[in-house]
Amino acid sequence: MVNDMLIFIDIARQIIGIGALLLGSLAIVIGALGLLRLGDVYQRMHGAGIIDTGGAGLVLLGLLLLSPDWTVAVRIALIGGLLIMTSPTATHAIARAARFSGVEPILSTDSKEKEG
Amino acid sequence: MPIKAISASTALMFGLWLMLSGHYTGLLISLGLISAIGASLIAYRMGVLDEEGLPLGLLIRLPKVSFWLIWEILKSNIDVARVIINPASARPQLVRVKASQKTVAGLVTYANFITLTPGTVSVNVDETKNEILVHGLTKSFCDGLADPEMDERVSALEGKSS
């Protein structure tokens with residue numbers, strides 16, 4: 001009985017892991033599509049944001065569930081933590097650099113805040 | 001209190017060493033401990049072990065918001081994906097968001113959280129006015145920022161003492 005239970009948990013873990021990997025890959029494809037299709041630098045960063053969060057996060061979650069032993073799992077969790085701290089900083093650096101070098105964002109007409 | 005910061009940094013680094021090394025003999029563990037202490041002392045001498053370099057209270061309280069943050073990230077991932085599939089629906093906006101955090105580390109955390117949720121990117125952080133200039137992909141993302149929930153949650157991370 002207990003053995004059956006363990007096998008069931010193991011299969012469920014693998015299925016969820018593979019599902020997370022597939023979903024993460026889909027998120028990365030959508031993010032890459034966004035990089036190509038959106039209007040200007042600022043909008044394209046939102047596409048990159050999908051790759052950074054949904055894409056990387058789900059792929060790492062899938063790898064975490066499929067990892068063979070706990071030392072690998074710890075390393076994957078650490079990579080996830082590092083990415084969560086660094087990727088928004090990098091995105092912010094690009095946005096700030098773009099603004100300071102005078103790239104004006106395309107703004108929708110119903111935008112409240114004009115640049116000042 | 002330098003002792004508190006040094007011992008906290010030593011504990012963090014030694015924990016990291018234990019997780020990553022995979023060698024558990026007496027000699028190697030004591031060498032790892034000595035390196036952790038040495039690195040902490042050097043960091044203290046460099047002056048990076050202050051509230052900004054090692055915001056302990058913030059780090060300890062971080063797990064409390066992580067599940068909420070992951071849920072928010074997933075929701076806005078789907079919203080941004082929808083805009084990407086139909087790029088004509090993008091209505092980019094710049095908005096100024098008031099931040100209620102009192103420490104620099106808290107303000108940076110708030111700006112990072114804004115950037116971390118897809119659809120909003122913090123473009124500029126104004127420390128003096130406690131304002132963050134945010135670029136949003138559509139109006140609904142910017143309206144989401146007008147809701148002070150994220151701001152309040154990050155302020156709660158700072159704790160009451162600071």
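Mentor: Here is a close look at one strand and its neighbours. This is a predicted model, so local features need pLDDT of at least 70 and side-chain atom pairs count only at pLDDT 80 or more, while totals for chains, interfaces and linings use all residues. Residues are numbered from 1 along each chain as its sequence is written, and chains are lettered from A and ligands numbered from 1 in the order in which they are written.

Our part is strand 3 of chain B, residues 131–136. Strands here are DSSP runs of E with at least two residues, numbered from the N terminus. Strand 3 of chain B is mostly covered, with five of its six residues buried. Buried means that 20 or more other C-beta atoms lie within 10 Å of a residue's own, with C-beta atoms placed from the backbone.

Now for its partners. Two strands pair if DSSP finds at least two bridges between them. Strand 1 of chain B, residues 93–98, pairs with strand 3 of chain B in the antiparallel sense over six bridges. In this pairing, look for Arg96(B), which stands opposite Leu133(B).

Strand 2 of chain B, residues 120–126, also runs antiparallel to strand 3 of chain B, and six bridges join them. There, Thr120(B) has Gly136(B) as its bridge partner. Strand 2 and strand 3 of chain B form a hairpin with four residues between the strands. In that hairpin, Asn130(B) takes a positive phi near 50 degrees.

Note on methods
Buried ≥ 20, exposed ≤ 12 C-beta atoms within 10 Å, placed from the backbone.
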